[in-house]
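Biologist: Could you take me through the open spaces and the ligand surroundings? Please begin with the linings.

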Amino acid sequence: MALPQRVRLVDMAPRDGLQNEPGEVVATAVKVELIERLARAGLTHIEAASFVSPRWVPQMGDAREVMLGIHRESNVTYSALTPNLKGLENALEANVSEVAVFAAASEAFSQKNINCSIDESLARFEPVMARARQANVRVRGYVSCVLGCPYEGDIAPAQVARVAGALYEMGCFEVSLGDTIGVGTPLKARQMIDEVAKVVPVEHLAAHFHDTYGMAIANLFAVLEQGVAVIDASTGGLGGCPYAKGASGNVATEDVLYLLRGLGIETGVNLESIIETGEWITGQLGRAPASKVARALEAH
Ligand code: HMG
Ligand code: MG
């Protein structure tokens, strides 16, 4: 299949990027500024917050203040995670533009992350879908551990397809496939997409790859060739999942932009502005960007 001409990037830095930040809770004003900078750089989809239990994820405890604090651009979708009806109601009150439910392809990860089995989580999402439909808010679905699980090891592509298909069937407009611990390699990624695309059309799939083993860019190239045209990435390469020990951040937005520019694929996002934003946010957190592209271009 030919490569897509245009890719939609979803920046995860404010949510996936910051949810696992150790130490002090990142100031609300910093989160708000990060989101506004991403929008100015050309991002039209930003995962801005997470309406989960603040006891489980303290860094996202100010989700409401963040959502209400941002100066909104009319062309930008500001999404948030909503694991249950309580999260959705809070998100709606905070004027979220899109929400996301999250399931896993691994039973053990589902228990650790959201305290229930895969089937229980799917049942819990039904009322979330119904309420979101009533509020006219789109719901994205995530599947974690699509290329491996920190507790169960290998995950069968058929198991990923079962969960992705269930989310699509219940009305998720898009299913984002998470290599939560970044263990995948291109052949595995391709086999997984082949299986999932049997139940969810490829134009409704997104790739959400973490870069723990440095394979995310190779994996993205593999799935771009299969027609995947939505990519989740995180400016500065920030992040990790609190319930996946050792997992590092999402693939850096900087690295993805450099790859796509080289392939002649449009995104509408300005690489130089993202590099600046990555420098700024990692500076706020007291470290350097994880992105090699950022480091190389900074050195010029
Ligand atoms: P639980 O303890 O089973 O929930 O947690 P519960 O329904 O029994 O409620 C317990 C308490 O939590 C109650 O409070 C509820 O009100 C409260 P109490 O009466 O004890 O004072 N509560 C909430 N508070 C605020 N917002 C809510 C909410 N729900 C309940 N929405 C729950 C179940 C799902 C809430 C919990 O396990 C949780 O919050 N988990 C979130 C875990 C998480 O955020 N993980 C990271 C995001 S997923 C990810 O990063 C992967 C992804 O990036 C893709 C990839 O990389 O693979 C998406
Ligand atoms: Mg993630």
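**Pockets, cavity and ligand**

Modeller: In the lining of the second largest pocket, 10 residues are polar, six are nonpolar and six are charged. Here Ala, Val, Leu, Ile, Met, Phe, Trp, Tyr, Cys and Pro count as nonpolar, Asp, Glu, Lys and Arg as charged, and the others, Gly among them, as polar. This is a predicted model, in which local features need pLDDT of at least 70 and side-chain atom pairs pLDDT 80 or more, while totals for chains, interfaces and linings use all residues; side-chain values use heavy atoms, without hydrogens or water. Residues are numbered from 1 along each chain as written, with chains lettered from A and ligands numbered from 1 in written order.

Biologist: How much space lies in the second largest pocket?

Modeller: About 280 Å³, a volume being the space filled by probe spheres set on grid points joined across faces, edges and corners. Of its 22 lining residues, Gly-237, Gly-239, Ser-248, Gly-249 and Ala-290 are the closest to the centre. On a 1 Å grid over the protein atoms alone, a pocket is an open set with protein on both sides within 12 Å along at least five of seven lines, a cavity is a set of points where a 1.4 Å probe fits but cannot get out, and lining residues have an atom within 4 Å of a point.

Biologist: And the largest pocket, how much space is there?

Modeller: The largest pocket holds about 710 Å³. It is lined by 37 residues, and Ser-50, Val-52, Ser-53, Pro-83 and Phe-102 are the closest to its centre. By class, 17 of the lining residues are nonpolar, 14 polar and six charged.

Biologist: Which pocket does ligand 1 take up?

Modeller: The largest one; a molecule sits in a pocket if more than half of its atoms lie within 2 Å of the grid points.

Biologist: Which residues are closest to ligand 1?

Modeller: Asn-84, Asn-113, Asn-115, Ser-144 and Thr-180, out of 28 that surround ligand 1 (a heavy atom within 4 Å). That shell has 12 nonpolar, 11 polar and five charged residues.

Biologist: What polar side-chain atom pairs does Asn-113 make with the ligand?

Modeller: A polar side-chain atom of Asn-113 is 2.8 Å from a nitrogen atom of ligand 1. An N or O atom in the Ser-144 side chain is 2.7 Å from a ligand oxygen atom.

Biologist: Changing topic, which residues line the largest cavity?

Modeller: Arg-8, Val-10, His-45, Glu-47, Ser-79, Glu-98, Arg-140, Phe-173 and Glu-174. Five of the lining residues are charged, two nonpolar and two polar, around about 40 Å³ of space.

How values were computed:
Polar contact = N/O pair within 3.5 Å; in protein donor to acceptor, adjacent residues only side chain to side chain.
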